[in-house]
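Please read this note with the sequence and the model open side by side. It goes through selected chain contacts and a few single positions.

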Protein chains: 8
Amino acid sequence: MSETPLVAIVMGSDSDLPTMQGAIALCERFGIPHEVAILSAHRTPLAMVEFAQNAHQRGLKVIIAGAGGAAHLPGMIASLTPLPVIGVPVPSRHLQGLDSLYSIVQMPAGIPVATVAIGNAQNAGLLAVQLLASHNPELLEQVIAYRQELAATVTAKNQKLQTLGASAYLQQQ
Amino acid sequence: MSETPLVAIVMGSDSDLPTMQGAIALCERFGIPHEVAILSAHRTPLAMVEFAQNAHQRGLKVIIAGAGGAAHLPGMIASLTPLPVIGVPVPSRHLQGLDSLYSIVQMPAGIPVATVAIGNAQNAGLLAVQLLASHNPELLEQVIAYRQELAATVTAKNQKLQTLGASAYLQQQ
Amino acid sequence: MSETPLVAIVMGSDSDLPTMQGAIALCERFGIPHEVAILSAHRTPLAMVEFAQNAHQRGLKVIIAGAGGAAHLPGMIASLTPLPVIGVPVPSRHLQGLDSLYSIVQMPAGIPVATVAIGNAQNAGLLAVQLLASHNPELLEQVIAYRQELAATVTAKNQKLQTLGASAYLQQQ
Amino acid sequence: MSETPLVAIVMGSDSDLPTMQGAIALCERFGIPHEVAILSAHRTPLAMVEFAQNAHQRGLKVIIAGAGGAAHLPGMIASLTPLPVIGVPVPSRHLQGLDSLYSIVQMPAGIPVATVAIGNAQNAGLLAVQLLASHNPELLEQVIAYRQELAATVTAKNQKLQTLGASAYLQQQ
Amino acid sequence: MSETPLVAIVMGSDSDLPTMQGAIALCERFGIPHEVAILSAHRTPLAMVEFAQNAHQRGLKVIIAGAGGAAHLPGMIASLTPLPVIGVPVPSRHLQGLDSLYSIVQMPAGIPVATVAIGNAQNAGLLAVQLLASHNPELLEQVIAYRQELAATVTAKNQKLQTLGASAYLQQQ
Amino acid sequence: MSETPLVAIVMGSDSDLPTMQGAIALCERFGIPHEVAILSAHRTPLAMVEFAQNAHQRGLKVIIAGAGGAAHLPGMIASLTPLPVIGVPVPSRHLQGLDSLYSIVQMPAGIPVATVAIGNAQNAGLLAVQLLASHNPELLEQVIAYRQELAATVTAKNQKLQTLGASAYLQQQ
Amino acid sequence: MSETPLVAIVMGSDSDLPTMQGAIALCERFGIPHEVAILSAHRTPLAMVEFAQNAHQRGLKVIIAGAGGAAHLPGMIASLTPLPVIGVPVPSRHLQGLDSLYSIVQMPAGIPVATVAIGNAQNAGLLAVQLLASHNPELLEQVIAYRQELAATVTAKNQKLQTLGASAYLQQQ
Amino acid sequence: MSETPLVAIVMGSDSDLPTMQGAIALCERFGIPHEVAILSAHRTPLAMVEFAQNAHQRGLKVIIAGAGGAAHLPGMIASLTPLPVIGVPVPSRHLQGLDSLYSIVQMPAGIPVATVAIGNAQNAGLLAVQLLASHNPELLEQVIAYRQELAATVTAKNQKLQTLGASAYLQQQ
């Protein structure tokens with residue numbers, strides 16, 4: 001990616017990468033220049049501070065941060081940058097990501113984190129694209145087209161269901 | 001507000017207005033042209049569809065939607081617009097807004113809602129400002145200044161605490 | 001099915017079909033004319049609006065809708081039809097369907113959804129049959145007979161348990 | 001009420017009456033002949049059995065049952081009648097009705113209870129009306145009109161908000 | 001078992017039998033005459049009523065009842081007998097038995113159910129034995145001896161741990 | 001009370017006394033000799049050990065223990081006595097007694113606690129009476145009579161409701 | 001306090017001070033030199049980093065940190081100091097401190113926070129004293145004496161209860 | 001280990017040993033003399049009392065206790081020793097350790113337990129090391145070095161990610 005990244009996708013551990021891959025794939029699909037980094041609020045706090053403080057000066061427009069358990073990465077980055085931060089609650093082992101969700105979404109007044117569903121990094125990526133698209137008519141058209149593709153997929157499945165009936169459809173799955 | 005609104009703040013009922021006022025106040029503070037509407041996913045679904053479908057063509061850049069209980073307004077608007085949608089889980093009577101939170105944040109792939117903390121419409125407003133600011137250097141500076149004010153308030157309280165001691169501080173509260 | 005459908009069974013995704021199959025099987029067992037469709041509140045919102053607005057004019061008497069996560073399909077259909085809507089909370093990946101349950105059952109005053117247990121589409125089907133049966137003495141007799149079969153199955157199992165004893169019964173399972 | 005009741009509204013205790021009043025008011029509004037009774041699954045189990053077994057023979061078409069805590073009344077009535085049963089989870093003291101909700105909605109296969117939101121007996125009443133209306137075109141028109149009234153109320157509030165602005169609106173509340 | 005049963009162990013479905021086997025085994029270990037039955041509050045309500053009403057006249061001293069989901073069996077039996085009823089929340093598929101626990105333990109004033117841990121029918125059996133033992137000095141000695149065996153098992157494991165060390169102990173597991 | 005107590009009612013703090021008073025009143029109503037004590041698992045652990053170890057030798061037949069939060073009193077007493085122990089989860093300040101409930105009911109195999117509803121000490125008292133009554137025909141009759149009184153109260157309220165109608169009944173409350 | 005502080009008590013906002021006062025009072029009771037500061041992870045992140053990095057070099061031995069909602073202060077300080085950090089989950093408005101608890105206790109491997117009960121800053125203070133006491137025999141004796149006072153208070157209340165009986169005791173409360 | 005143990009690691013059952021092994025490994029890594037024991041609050045209560053009462057006189061400085069379900073071991077040991085006690089909520093079968101967490105962390109005023117994340121015994125071990133290190137400059141340096149190793153691991157993973165890109169990194173996992 002030779003272009004200046006507009007979106008940064010950061011995560012606390014490489015064990016979060018399979019989840020966060022959904023955000024990366026979305027950026028790639030829309031051709032958004034992006035960067036990916038492992039950056040731990042708890043194990044590399046100073047690197048995180050430096051990253052967050054400089055992000056807006058490097059041309060980044062939005063930051064996606066994923067973390068699990070006592071998930072502090074999205075909120076701490078949000079406290080250190082004026083850029084919008086999107087938080088992905090990574091599923092946790094014992095509480096299924098409910099701890100991650102509470103730790104990310106329940107931010108105090110003044111420091112919001114735009115939180116998406118547990119484990120749904122794809123939506124974090126799409127939200128980042130939508131933020132960029134709100135100032136980019138061409139990209140907005142691509143978002144509209146993407147939605148139409150989603151609708152077409154549902155419509156095609158429904159037509160197949162009407163043709164086959166439920167029993168045959170289920171057997172094909 | 002003679003300018004074209006950039007932010008729409010919608011809610012399902014006028015009983016949500018005291019909560020959503022926090023988002024309105026934030027837009028006013030940053031001088032962001034905005035509009036406010038009562039629009040119910042369940043009681044006025046067709047008006048909601050019309051609003052959401054046209055929003056991006058009227059010049060809006062971001063939509064803030066608040067709702068409580070089985071809170072469908074943010075997600076349904078998100079399904080009908082390419083614009084980013086910020087969801088505010090309004091506190092509910094029996095489940096304290098946990099139902100609102102789940103109904104808003106747990107959106108399926110393809111239709112994200114940027115969710116903030118239960119009842120925290122102020123942060124929804126700030127997030128909207130940050131989205132606009134990521135493409136507006138002057139506004140970005142205002143966000144940075146806002147954060148510095150927040151920090152200064154904390155610092156001032158801490159200095160007062162150091163001067164008075166905890167007991168005297170508590171008595172003054 | 002050449003007869004006019006009385007029951008519609010709709011779902012947000014074909015991944016919900018294995019769960020919703022329980023409702024289809026129940027309608028088939030009672031010989032109730034029914035239709036099945038994939039219809040997403042979030043991905044095909046306008047198709048959903050059209051379906052829901054016309055349902056009562058096509059002769060449908062009750063609608064069963066299943067969805068998972070931020071499950072808006074049952075409530076949105078309910079907002080657009082005067083017909084009774086039965087909601088099935090489809091189990092979700094991380095919160096086990098608790099998010100689906102809250103999103104479906106916690107509807108505001110004026111727009112009820114008749115909610116059944118998480119994942120229990122069979123009961124949604126039976127509830128639809130009971131609604132029809134309350135105005136159809138012959139069908140009511142069939143519901144009574146169905147209940148007697150359920151009771152007979154329990155009684156037979158108990159008799160087998162009395163004959164074999166618990167240990168032998170368990171070994172046969 | 002000289003007519004044969006079509007809807008029965010039963011509850012486990014007179015402490016549930018303020019909650020269940022919402023269902024009564026709804027039946028009155030639509031002119032549905034109905035009966036109201038206090039009937040405890042735990043304190044008068046035999047009276048409950050007798051009530052439930054005879055309900056469909058007395059001309060009742062649907063039963064609304066409300067209970068709190070380990071709320072067994074809706075499910076037990078459902079096990080003893082072929083009629084559709086609507087359950088209202090009455091808010092409980094310590095768990096805010098979550099225990100009531102689980103005890104009512106999580107019914108096993110074969111015995112559904114059509115569950116509405118915690119404390120929302122008004123919706124139970126409306127659901128009963130909708131069940132009757134699905135076989136009564138005139139009543140169906142009344143349901144449609146009721147929905148239009150709900151929509152008109154929201155529209156009027158929105159117009160007032162547009163006229164006054166949010167601050168003045170809030171001061172009038 | 002030729003002796004009159006003192007303990008009845010009932011459950012709503014034969015799918016509960018693997019869980020309830022723990023209570024049966026405990027009764028067998030202490031030589032307590034007991035009976036086992038499948039008896040569904042929802043599918044065979046009248047058989048349940050008859051069982052519960054007659055239980056104390058047949059010489060039973062305590063009833064153990066297990067059920068899952070909207071678990072009404074223990075509470076309904078308790079409402080129909082003056083005997084103490086012990087409830088076992090059987091683990092449920094989606095809510096892990098939390099629904100079962102709430103449906104069993106949260107009984108209203110006047111109708112207690114002595115609830116044990118989710119899935120822990122062995123403890124229900126032991127509790128039944130302890131109830132009998134409180135009026136039977138010989139059985140009380142057996143309970144004391146049982147506890148000493150439990151303690152001896154823990155002590156033996158600890159001694160083995162001291163001898164082997166944790167690593168070797170883990171490898172032997 | 002000159003007679004040897006059969007029931008002990010213990011609690012961790014005098015702040016639990018208003019809750020536990022329900023158990024005391026029940027014992028008084030049935031004329032059961034009982035004793036009441038404040039005994040903290042955490043603040044007076046050795047006094048608790050001594051109490052629990054001697055309880056069965058002093059003629060006690062059952063122990064009722066109430067505690068809140070990390071509620072260890074019922075389980076620890078149960079570990080030190082062969083007598084049946086009934087646990088009352090006392091409502092807690094922040095988690096509404098859910099922590100108390102989990103800490104009391106989720107006991108491991110071998111050491112059951114017969115748990116009642118959150119805050120429902122009256123039912124703990126009644127359960128203790130039922131345990132005694134299972135070996136005392138006269139007391140069993142009193143339990144049956146008590147149940148009949150409960151039923152009569154419900155029946156009387158229902159008759160009043162039939163006479164007055166719901167509106168007038170509500171106004172009299 | 002002229003002595004070098006051994007314990008720091010920090011909190012995210014002065015609204016946490018009434019809760020955190022419990023920790024301050026405990027330090028004062030044991031004569032432990034301590035300092036108190038308002039220090040927000042989200043509003044003054046750089047001041048927090050500086051505080052945490054230097055804490056062990058200033059002679060501090062343990063840090064108590066309290067925060068509510070998405071409570072990042074304890075965990076972030078823990079990530080920046082080798083000293084033990086004690087976390088106090090401050091009760092939150094909508095989720096009663098459950099969000100605070102999860103955000104503080106569910107820390108990843110390598111960065112523990114010693115978490116106490118929701119709102120229980122007194123115990124955080126006592127835990128800090130116990131940490132110091134484990135290397136200070138005189139202080140350890142004071143902890144033992146403190147525990148004896150707690151026990152004596154319970155014993156005195158119990159004796160009063162034995163003297164007055166429960167009814168009179170309750171009336172005096 | 002010929003040296004006097006400074007840390008005791010105790011657990012209620014050998015089924016907890018795989019979880020608690022994390023604390024043992026941590027002590028071994030830092031060369032802290034420690035002892036390990038199986039000690040059940042419920043099955044060997046008197047052995048637990050003796051252990052806890054003598055712990056501080058045998059030279060122990062901190063106790064780590066792990067338990068699951070109604071987890072009373074950490075709190076009961078804390079009630080019997082002036083030493084700091086660290087509690088590990090062991091994951092439970094049905095409630096995923098939420099019952100363990102509540103039973104350990106929600107201790108009453110006067111008897112704190114320093115609670116770590118569900119199943120995270122490694123952090124309990126590290127917290128014990130940090131407590132010792134706060135009075136041992138050499139050990140404090142080792143804690144600092146340990147943190148630097150953690151940071152270096154994250155940094156190395158990030159560098160590998162920068163080199164390989166996300167897709168290749170994921171394929172190597």
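Predicted model: local features only at pLDDT ≥ 70, side-chain atom pairs only at ≥ 80, totals over all residues.

1. Start with chains A and B. The contact between them takes 42 residues from chain B and 42 residues from chain A. The area buried between these two chains is about 3400 Å², and carbon and sulfur atoms give 61% of that area. On the chain B side, Pro82(B), Pro112(B) and His135(B) lose the most area to chain A, together 17% of what that side buries.

2. What kinds of polar pairing cross this interface? The rule finds 24 residue pairs in polar contact between chain B and chain A, but 0 salt bridges. By class, the side of chain B that touches chain A has 28 nonpolar, 12 polar and 2 charged residues.

3. Which elements of chain B supply that side? Two or more residues each come from α3 (73-80), α4 (98-105), β5 (114-115), α5 (121-133) and α6 (137-164) of chain B. The largest share, 7 residues, comes from α5(B).

4. A rotation of 180° with 0.0 Å of shift along its axis superposes chain B on chain A, with an RMSD of 0.0 Å. That is the relation of a two-fold axis. The same surface serves both copies, as 100% of the contact residues of chain B recur in chain A.

5. Chains C and D should be read next. Here 42 residues of chain C are in contact with 42 residues of chain D, and the two chains bury about 3400 Å² between them, 61% of it on carbon and sulfur atoms. Within chain C, the residues that lose the most area to chain D are Pro82(C), Pro112(C) and His135(C), together 17% of what that side buries. The count between chain C and chain D is 24 residue pairs in polar contact and 0 salt bridges. The largest share of the side of chain C that touches chain D, 7 residues, comes from α5(C).

6. Some pairs of chains do not touch. No contact joins chain B and chain E, whose closest C-alpha atoms lie 16 Å apart. Chain C and chain H are also without a contact, and their closest C-alpha atoms lie 13 Å apart.

7. Is Ser134(C) buried or exposed? Ser134(C) has 6% relative accessibility and therefore counts as buried, the cut-off being under 20%. Ser134(C) sits in the loop between α5 (121-133) and α6 (137-164) of chain C. Its side chain makes a polar contact with the side chain of His135(C) at 3.1 Å. Leaving out residues up to four places away in sequence, Ser134(C) touches Leu140(C), and in chain D it touches Lys61(D), Leu83(D) and Pro84(D).

8. Compare Pro91(A), which lies in the loop between β4 (85-90) and α4 (98-105) of chain A. At 30% relative accessibility, Pro91(A) counts as partly exposed. Among the residues that Pro91(A) touches, not counting those up to four places away in sequence, are Thr19(A), Ile118(A) and His94(C). The C-alpha atoms of Pro91(A) and Asn123(A) are separated by 15 Å, and these residues are 32 apart along the chain.

9. Last, a helix in chain D. In α3 (residues 73-80) of chain D, 8 of the 8 residues are buried, so this helix is largely enclosed by the rest of the structure. The buried residues include Leu73(D), Met76(D) and Leu80(D).

Definitions and conventions. Residues numbered from 1 in each chain as written. Chains lettered and ligands numbered in written order. Heavy atoms only, no water. Helix = DSSP H or I, 4+ residues; strand = E, 2+ residues; numbered from the N terminus. Buried < 20%, exposed > 50% of the residue type's maximum accessible area, 1.4 Å probe, protein only. Contact = heavy atoms within 4.5 Å. Buried area = accessible area lost by both parts, 1.4 Å probe. Salt bridge = Lys/Arg side-chain N within 4 Å of Asp/Glu carboxyl O. Polar contact = N/O pair within 3.5 Å; in protein donor to acceptor, adjacent residues only side chain to side chain. Nonpolar A, V, L, I, M, F, W, Y, C, P; charged D, E, K, R; others polar. Least-squares fit on C-alpha atoms with pLDDT ≥ 70 in both.
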